[in-house]
Amino acid sequence: MALAGVKKRSGAGGARPRPGTATRDRAAWFLVLPALLPILILSVGPLLYGIALAFTDAQSGRTRSTQWIGTLNFQDLLHDTLFWDSFRIGLLWAFGVTVPQFLLALGLALLLNQRLRMRWLARALAIIPWAMPEVVVGIMWRLVYNPDAGILNETIRDLGLGDGRDWLTGLATALPAVILVGIWAGMPQTTVALLAGLQNTPHELHEAAALDGAGAWRRFRTVTWPAIKPIALAISALNLIWNFNSFALVYVLTSGGPGGRTRLPMLFAYEEAFRYGQFGYAAAMGCVMVAVISVILACYVVGRISAGGEQR
């Protein structure tokens, strides 16, 4: 009898949902909403508006209403050699900064991970460029590259290596000079990320490898690199995206000159929008850049998923 009563109360449909689950879900969404609203308003909204703007003939200073023109902006963009030149320069800039930046940051992180005297001071000095705004970094390096009184040309003259040159206005030296600044400015964040990965690597693994007779390079290849590889891939992908989207640093240093030799895609789109007032055309350029960044992100995600599958 008692058993039958229990069965009746439990019902034939199996376990019932716990009371209050829907209420907790609503409460969770209510708590998350304040964090989602700024993203939707300040990121997703402008992105969708920019995509829609790319299919119009929106211009500045026009009295007539904006017209929907379909893919005409993208068709014009396919034949715009200036934009594709800037796109090529943007790729050279992005890879030219990201690859040396990672290698130098890895070396610095390995050095700062050693038991050195005054290591805390070295670590503090290593992140100084990270604490400086890009505009300040650009102004400072303009002074360094100054053809008349810059410290670089003064050093060259003092060493008897020549009279120096105008680094930021020379057709052959402008892009390498700007890439050097980008490497210097972006190294700290990469160094900090890699150093965090190195500090999380168990020291016992290095000791065991050393006892087995492994040299420094073999310990790095078999112990250190597998431990920091996920961090290295993540920070490299982020750096590539950030560098491809660079604007302020290059704008302060060269404004895209000389002769467009440092005109990155972001600078080209900025000029089209705010110098020439071609908002729709500039939005189409932005869509192309978003597509490129999406491809980079997709490659990174696929690589991470493949790596996770192999580990399992």
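This report looks at one helix pair and the salt bridges in a predicted model.

## Ground rules

Local features need pLDDT of at least 70 and side-chain atom pairs count only at pLDDT 80 or more, while totals for chains, interfaces and linings use all residues. Residues are numbered from 1 along each chain as its sequence is written, and side-chain values use heavy atoms, with hydrogens and water left out.

## How α4 packs on α11

Helix α4 (residues 81-112) and helix α11 (residues 216-244) have axes that come within 10 Å and cross at roughly 145°. Helices here are DSSP runs (H or I, at least four residues), numbered from the N terminus. Axes are lines fitted to C-alpha atoms over the stretch in contact, with angles from 0 to 180 degrees between N-to-C directions. The crossing is right-handed (the near helix is turned clockwise from the far one by less than a right angle).

On the α4 side, the contact (heavy atoms within 4.5 Å) includes Phe87, Trp93, Phe95 and Phe102. Among their partners in α11 are Phe220, Trp225, Ile228 and Leu240. By class, this contact has 15 nonpolar, 7 polar and no charged residues; Gly is counted as polar, and Asp, Glu, Lys and Arg as charged.

## Salt bridges

The whole structure has 2 salt bridges (a side-chain nitrogen of Lys or Arg within 4 Å of a carboxyl oxygen of Asp or Glu). In one, Arg157 pairs with Glu154, with the closest N and O atoms 3.3 Å apart. These two sit about one helical turn apart because they are 3 residues apart in helix α8 (residues 151-158). Arg157 is partly exposed at 30% relative accessibility, and Glu154 is partly exposed at 34%.

Arg263 and Glu271 form a salt bridge too, with their closest N and O atoms 3.4 Å apart. Glu271 is buried, at 11% relative accessible area (buried is under 20%, exposed over 50%, partly exposed in between, using a 1.4 Å probe and protein chains only).
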